[in-house]
Amino acid sequence: MKASKFTLGAVALVLLSVSAWASDKMKANIQIYDAVHVGSTQLAPGAYKMTWTETGTNAEVTFSQGNKVIATVPAQVTQVRSGYDGPVLRTDSVAKTLTAVDLPKTSFSFSNDSAITGN
């Protein structure tokens, strides 16, 4: 009986560790130098933490500063190495809209022009 409780506890610990490890890979720090819109929110210049829920077309990206969520938007997340040494932000300079972020280390790029253009 004690052995099965120990085994169950060990399995739960391993599963929690794996999920924590996976969530650590789904975030990045970026710096925005000029105000841009993402979804219906304007992001002021500054440092932001981006987190995302999954890869594929049903992902959501959250932009936060400290513990404060600034914006959450739908996105398409693909596993593609950008070839850049740091994050690269792509914007529509006319509409001042963030259209994509390429991340080198995590191999994800975010782009969903129709979902994040500030409808």
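Here are a few friendly notes on the structure above.

1. A word on the basis: this is a predicted model, where local features need pLDDT of at least 70, side-chain atom pairs count only at pLDDT 80 or more, and totals for chains, interfaces and linings use all residues. Residues are numbered from 1 along each chain as its sequence is written, and side-chain values use heavy atoms, with hydrogens and water left out.

2. On the fold, you will find 1 helix and 9 strands in the chain. (Helices are DSSP runs of H or I with at least four residues, strands are runs of E with at least two, and both are numbered from the N terminus.) In sequence order the pattern reads α-β-β-β-β-β-β-β-β-β.

3. Take the contacts (heavy atoms within 4.5 Å) between residues at least 6 apart in sequence: 40% of them join residues at least 24 apart.

4. Which side chains meet in a salt bridge? Asp-102 and Arg-90 do, at 2.6 Å, N to O. Asp-102 lies in strand β8 (residues 97–102) and Arg-90 in strand β7 (residues 88–92), so the pair ties together parts 12 residues apart in sequence. A search of the whole structure finds 1 such bridge, defined as a side-chain nitrogen of Lys or Arg within 4 Å of a carboxyl oxygen of Asp or Glu. Asp-102 is buried at 9% relative accessible area, while Arg-90 is partly exposed at 35%.

Definitions and conventions:
Buried means under 20% relative accessible area, exposed over 50%, partly exposed in between (1.4 Å probe, protein chains only).
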